[in-house]
Structure formats: C-alpha cells, structure tokens
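My notes follow in the order in which I checked things.

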Amino acid sequence: MDDLIEALTIFKKYKNVKWPTNCSHDVLAIMEVTEEEVSTEDTKRLDELGFIYGGNDDCWISFRFGSA
C-alpha cells in the first residue's frame, strides 16, 4: 500500500484531477499526466514503484497495482 500511495503522491505533484485513474484488464492507468511533465528523478522512482509510461492511451500504467 505504501508504494501505491507514494506513486500517487508523485503524480499529484503534476496534476490533481477529479478522476485520475482507470483500471481494466489488469492494468491500472494514471490519466492526464504526460511523460514530458514528469521529472527524470520522478520517472525513475515511478519505475521502481511499478509504473511505466505507455499503453494504448499514452498514459502511466502499472501491472503491479492493476492485477486482481
């Protein structure tokens, strides 16, 4: 749980939107935050926490937190 909260806190630094997530087919997606907005340091930490940028909608995704 701590890793997910840390990741969401990082994303919140860049955008604080009303509906930031989407989860389907075992993938948790963070919407609205682009790869270009996130610092290199935060990108590295997000990768360590299980988030990468990509997917069909060009968003941050996690298979770690999206699995049921």
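I looked up the strands and found an open sheet of 4 strands in the order 1-2-4-3, with antiparallel pairing. Two strands count as paired if DSSP finds at least two bridges between them. Strands (E, at least two residues) and helices (H or I, at least four) are DSSP runs, numbered from the N terminus. The edge strands are strand 1 (21–24) and strand 3, each of which pairs on one side only. From one strand to the next, the twist averages 35°. I noted a general point beside this: strands of a sheet pair through backbone hydrogen bonds, either parallel or antiparallel.

**Source of the model.** I reminded myself that this is a predicted model, in which local features need pLDDT of at least 70 and side-chain atom pairs count only at pLDDT 80 or more, while totals for chains, interfaces and linings use all residues. Residues are numbered from 1 along each chain as its sequence is written, and side-chain values use heavy atoms, with hydrogens and water left out.

**Strand 4 and its partners.** Which residues does strand 4 place opposite its neighbours? Strand 2 (residues 27–30) runs antiparallel to strand 4 (residues 59–62), and 3 bridges join them. Here Ala-29 stands opposite Ile-61. Strand 3 (residues 52–54) is also antiparallel to strand 4 and joined to it by 3 bridges. Ile-61 is the bridge partner of Ile-52, and Trp-60 is that of Tyr-53.

**Two helices.** Next I checked helix 1 (residues 2–14) against helix 2 (residues 40–49): they pack at an angle of about 150°, with axes 10 Å apart. Axes are lines fitted to C-alpha atoms, for helices over the stretch in contact, and angles run from 0 to 180 degrees between N-to-C directions. The angle makes helix 1 roughly antiparallel to helix 2, a label given to angles over 145 degrees. I recorded the contact (heavy atoms within 4.5 Å): from helix 1 the residues include Ile-10 and Phe-11, and from helix 2 they include Leu-46 and Leu-49. The contact residues divide into 6 nonpolar, no polar and 5 charged. Asp, Glu, Lys and Arg count as charged, Ala, Val, Leu, Ile, Met, Phe, Trp, Tyr, Cys and Pro as nonpolar, and the others, Gly among them, as polar.

**Aromatic rings.** How many aromatic pairs does a search of the whole structure find? It finds 4. Rings of Phe, Tyr and Trp (its six-membered ring) pair if their centres lie within 6.5 Å, and planes over 60 degrees apart count as edge-to-face, under 30 as stacked and the rest as tilted. Phe-11 and Phe-51 form an edge-to-face pair, 5.3 Å centre to centre with 80° between the planes. Phe-11 lies in helix 1 and Phe-51 in the loop between helix 2 and strand 3, 40 residues apart.

How values were computed:
Angles under 35 degrees count as roughly parallel, over 145 as roughly antiparallel, 65 to 115 as roughly perpendicular and the rest as oblique.
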